[in-house]
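Good morning, and thank you for joining this group meeting.

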Amino acid sequence: MRIRLTVLIGALLLVSAGLASAQQSDAPNPPSPYQPSASFLSSRAGQVDFGIRASSIDDDAARFQRFRDLRDGATLDTFRWEKERAKWIFNAEANNVGYRDQRLFAGFNKLGQVKASFEWDQVPTFYSTVGRSLYTYQGNGRFTIDDAIQQGIQAGSLSLINPSVLSQAQQFDTRSRSDNALFNLVVTPTRDVDVKINVRSKARTGSTVGYGNLASSPGGQAFELATPLDDRTTDINASAEWANARGRVSVGYVGSWYDDNIPSIQFENALAFTDFFTTNPTTGARTYTPSLGQMATWPNSTAHSVNSAGSIKLPGKSKASAFVSVGTWKQNDALLPATVNSLLVAPILERPTGEAEARIVATNFNFNSRPIRNVWLNAKYRFYDYDNRTPHFTISSFVPGDGSLGAEHTTEPTSFRRHNFDVDASLTPWTAVGFKVGYGHEAADRTFRIFERTAENTLRASADVTGNQYVSLRGVFEHSTRRGSGFDEELLDAVGEHPEMRHFDIADRDRDRGTVIVTVTPIEVLGFNGSIAAGRDNYKNSGFGLRDNEHRVYSAGFDYVPTKKADFNLTYGYEKYDTSQWSRTANPLAATDQGFLDERRDWGIDSGDRVRTLSSGVMLTQLIDKTELRFNYDYSWSKASYVYTVSSQWLELALLPIPTTGSGSVSRLPQQLPLVDNRRAAFRTDARYFLTKNVAIGVVYLYEQYRVNDFALSPDTLNSLVPLTLTGASANTMFLNYVFRPYTANAAWVRLTYLW
Amino acid sequence: MNTRSDGFPARVLVTALVLAWVMAVGLSAAQDTSSPQTVTGNAPPAVQAPPAKPEQSAPAQGYVGAETCLTCHENADKGMAGTPHARAADPRSPAAAKACETCHGPGEAHSQDPEKFKPKNFRKMSARDANETCLTCHNRSAHAEWEGSAHDARNVACVSCHSVHAPKSAKAALKTASQIEICAACHKTQAMKVQRTQHMPVREGKMECTSCHSPHGSNNVKMLKAGNSVNESCVSCHAEKRGPFLWEHAVGRESCTTCHDPHGSSNDRMLVAKDPMLCQRCHVHSRHPATLYDAVQVANKSNRVIGRSCVTCHTQIHGSNHPSGAVFSR
């Protein structure tokens with residue numbers, strides 16, 4: 001009811017704004033008294049940069065080229081051509097022609113009447129050049145493995161860690177590419193009206209690092225797969241907007257279609273050629289090992305919405321605006337069978353397709369006013385409703401990993417609704433100085449979350465000194481408190497979580513945040529800047545889970561522009577992030593297992609991340625005759641730590657034979673993890689010497705170095721497709737050889753530039 | 001739990017807003033005939049000149065044309081050449097109206113006595129006074145959301161980022177060559193994150209700040225350009241994660257940024273923390289989340305900590321459409 005009321009009111013407001021705007025006549029345009037000077041018109045330059053590139057990449061060439069293509073060969077880096085006449089402009093652009101990251105663009109603008117453009121933009125994602133796998137991709141989402149390997153392992157004559165098996169792994173690149181086609185059209189039938197159509201098609205092809213898993217934990221298997229990508233997203237955005245000096249009205253439609261050409265991933269089990277099971281002689285329980293697994297991929301989906309916005313200027317330099325959007329997201333893909341294990345009787349599904357649907361309503365109302373020159377007021381109300389209408393789906397016994405029949409599960413179609421109300425007032429006593437105070441309230445309710453409702457109140461204040469020749473300062477401070485209500489402990493009990501655990505995204509939280517940015521410009525050519533940002537989130541009522549989150553960020557830099565021909569700048573930043581979370585090693589509470597209540601099993605993780613960033617640049621334009629020089633150096637070094645802490649009584653528990661059957665091992669003190677270290681340094685120089693007014697010869701040199709030490713993804717840890725444990729037993733996971741490796745790269749271009 | 005009642009007095013607030021709106025429209029209509037901003041013809045609505053000080057004699061209010069302006073300000077149009085402001089064929093451009101005086105106000109008085117009467121100098125005006133001039137023409141699409149936006153609230157002036165007379169960027173008349181340079185002047189933390197190992201393709205030139213954000217205002221939160229929530233913005237590109245799915249990961253449905261930092265991170269997949277520690281912020285008890293994954297577990301090659309950790313098995317963590325996808329492993 002409330003949604004309908006809100007939408008209705010929004011619609012009325014929009015009509016009101018439209019009528020008010022319509023009162024202003026759209027009189028024919030008389031000739032302008034001004035005849036533009038010829039100096040406002042100028043012919044546009046064209047440019048073409050072409051040359052040849054050579055590079056040397058030591059080790060991880062894929063990461064160096066994660067989103068770009070810097071292969072050796074002839075290059076056409078830039079092409080730009082623009083033709084401008086008094087009433088129209090045509091321009092065409094091209095970058096990196098022929099490479100995986102190429103971009104082509106063409107635009108036409110009949111001034112004041114029609115603007116049309118088309119863009120083709122390719123974005124590569126390069127994961128690995130050294131991926132290896134025993135799997136062969138057969139197309140249509142199906143991965144197979146040599147039957148002899150499966151049969152041999154199932155029969156016990158082979159092992160997955162046998163070198164003769166692993167040596168059969170084939171090497172390949174793991175990469176994907178997004179091809180984005182974008183068409184834009186803006187038609188301006190009258191001075192006040194724009195009609196816009198935007199069509200975008202994004203097609204992804206290639207592969208990414210994915211997984212298939214079989215049987216359930218413990219004892220299950222997981223196999224990294226070069227999961228194929230073959231999908232397309234088509235978006236249409238159309239709108240009509242009427243705006244004049246008094247107000248504005250717009251209506252729009254947004255449609256999106258996502259189509260995945262690979263409906264599922266099927267993969268064979270490297271350890272089993274046929275489905276089989278073993279029986280526990282004591283309990284009689286069966287443990288199934290499937291020979292095949294099947295996983296769902298991203299389902300096809302659609303999204304449609306209509307929206308309308310309006311605003312009107314009011315007395316007292318006031319403005320009121322409204323926005324309403326009503327939409328629906330749908331997904332009705334055919335459901336896969338619950339299992340492909342031939343030894344299991346797959347439970348009958350309640351329905352054959354997803355039948356998933358969410359209706360979304362969003363509204364904004366804003367009132368802004370400057371009743372007197374130095375006072376600014378703003379009130380905003382925002383409403384967002386994600387109403388998930390997907391019918392509940394119950395599966396009588398779900399089948400994790402195609403391995404065994406599990407318990408009954410029912411879906412939890414998540415819905416949420418947010419109301420935000422904000423009021424802000426600003427005083428600008430002097431031209432360059434402004435003070436602002438504000439209050440915000442967010443009320444949210446949700447389904448299937450531990451808090452049915454949360455309410456957050458925020459107080460904020462800021463001071464801004466801008467426009468002063470020597471100093472600018474921006475400072476802001478916010479304090480907010482969020483509290484949940486309608487706590488539902490049953491949701492935690494049902495999944496064996498402790499009742500004192502809180503999901504940190506909705507947990508009770510006290511938040512303080514502040515930022516100060518100062519810029520000092522003692523002389524016109526030299527400016528210094530510095531900033532401090534700090535904040536803390538205290539999840540004060542969270543017994544378990546994330547309890548504390550702090551950050552401090554400092555930066556300092558300068559910008560020196562002694563002449564129009566030279567620019568030097570440097571910024572150094574230091575970031576410090578710290579979090580604290582708390583846990584307990586215990587299984588769900590049971591009559592035979594009281595470890596769940598045992599505080600001695602508590603432990604925590606203090607996570608820290610220290611990041612140093614340096615960005616610097618030098619630009620010398622014509623400082624040396626006929627020469628342009630640019631140098632850039634960027635450096636980022638992150639050191640992250642994960643430090644375990646345990647309760648003071650942990651050791652006592654570890655050493656004493658306390659009956660805690662089934663609650664997991666607490667037999668030793670934790671051994672701390674090594675630091676995670678990421679360092680990247682990049683130096684680039686771009687030099688151009690003009691042989692004539694139109695012709696320049698240039699050199700681009702790029703040096704990048706990346707060093708990484710990540711305990712989870714290092715080559716030392718993943719030292720084989722099937723890494724061995726400390727005791728020599730094989731792990732139950734087969735990887736793709738996708739690891740975090742360093743690289744040192746040098747790339748250089750020689751290029752010729754022609755301008756016209 | 002399915003009952004949805006937040007207790008927020010939305011109806012009262014909306015009603016109050018409507019009443020305020022109706023009253024405002026009424027007041028506006030009553031004053032319509034005396035509105036000083038009504039302009040016809042090719043010219044965009046003229047901006048009200050600041051009221052003359054009482055002690056000054058009334059200045060001449062006429063327009064003198066660009067050629068007169070350029071007599072003294074001879075270089076003022078150089079940087080504008082080829083920019084939208086200079087294209088007279090576009091009836092919405094200043095060049096099509098009063099040229100220099102479209103923005104700087106009538107110049108007759110200034111031309112007669114340059115010392116006594118000064119035209120508008122936007123760098124010396126308060127941010128909101130200066131912005132009013134720009135907004136008379138830039139009054140549609142995202143620009144129409146400027147008033148009340150986060151940038152407006154903090155006294156950001158149009159000329160803080162843009163330079164009409166000396167733009168350095170290829171488009172949008174920015175004061176710097178690239179977009180991130182201008183954004184980084186204030187948003188330093190975000191700019192530094194772009195340099196991290198895991199990042200969006202901003203450094204590579206495939207994205208820029210405005211790929212996601214609308215700095216002039218937006219109907220979305222965080223000045224996001226697409227959609228009406230953080231997630232709607234994210235799935236405008238990552239449409240595969242839109243769903244809705246049969247099995248939903250509630251925290252992800254509410255906000256992608258609970259787990260991901262879109263500006264950059266040192267963690268794989270731009271996660272805000274490394275797995276399994278990130279997952280263990282919510283999944284604390286019960287079976288393997290309760291395990292302490294220390295160096296011994298790494299040495300033992302536990303697939304719950306090495307490689308991609310939790311998502312090795314819980315692959316479909318964004319949501320699953322498989323009937324057996326209750327724990328996102330299918």
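Let me begin with a definition: a residue is called buried under 20% relative accessible area, exposed over 50%, and partly exposed in between, using a 1.4 Å probe and protein chains only. What we have here is a predicted model, in which local features need pLDDT of at least 70 and side-chain atom pairs count only at pLDDT 80 or more, while totals for chains, interfaces and linings use all residues. Residues are numbered from 1 along each chain as its sequence is written, chains are lettered from A and ligands numbered from 1 in the order in which they are written, and side-chain values use heavy atoms, with hydrogens and water left out.

I turn to chain B. Its secondary structure comprises 13 helices and 0 strands, where helices (H or I, at least four residues) and strands (E, at least two) are DSSP runs numbered from the N terminus. Of the 330 residues in chain B, 52% are buried.

How many residues of chain B are in contact with chain A? The number is 153, and they meet 237 residues of chain A; contact means heavy atoms within 4.5 Å. The area buried between the two chains is about 16,600 Å², with carbon and sulfur atoms giving 56% of that area. Buried area is the accessible area (1.4 Å probe) that two parts lose on being put together, summed over both.

Next, the charged pairs. Side chains of opposite charge can pair when their charged atoms come close. A salt bridge, by the rule used here, is a side-chain nitrogen of Lys or Arg within 4 Å of a carboxyl oxygen of Asp or Glu. Across the interface of chain B and chain A there are 18 of them. In one, D194(A) pairs with R92(B), the closest N and O atoms being 3.0 Å apart. In another, R449(A) pairs with E254(B) at 3.1 Å between the closest N and O atoms. This pair runs from the loop between strand 23 (433-446) and strand 24 (451-465) of chain A to helix 12 of chain B. R449(A) is buried, at 3% relative accessible area, and E254(B) is buried as well, at 7%.

A salt bridge also joins D578(A) and K576(A), at 3.2 Å from N to O. Here D578(A) is partly exposed, with a relative accessible area of 22%, and K576(A) is partly exposed at 29%.

Why is helix 5 of chain B described as largely enclosed by the rest of the structure? It is so described because 8 of its 11 residues are buried. Those buried residues pack against strand 19 (375-388) and strand 22 (416-430) of chain A, and against helix 3 (100-104), helix 6 and helix 7 (158-161) of chain B. R128(B), one of the buried residues of helix 5, forms a salt bridge with D152(B) at 3.3 Å, N to O. D152(B) lies in helix 6, so the pair ties together parts that are 24 residues apart in sequence.

Finally, the nonpolar cores, each a set of buried Ala, Val, Leu, Ile, Met, Phe, Trp, Tyr and Cys residues joined through side-chain atoms within 4.5 Å. The largest has 38 residues, and those with the most contacts inside it are Y642(A), Y644(A), L673(A), F711(A) and M277(B). Among the residues that M277(B) touches are Q581(A), I605(A) and Y293(B).

Definitions and conventions. Lists of a residue's contacts leave out its neighbours within four places in sequence.
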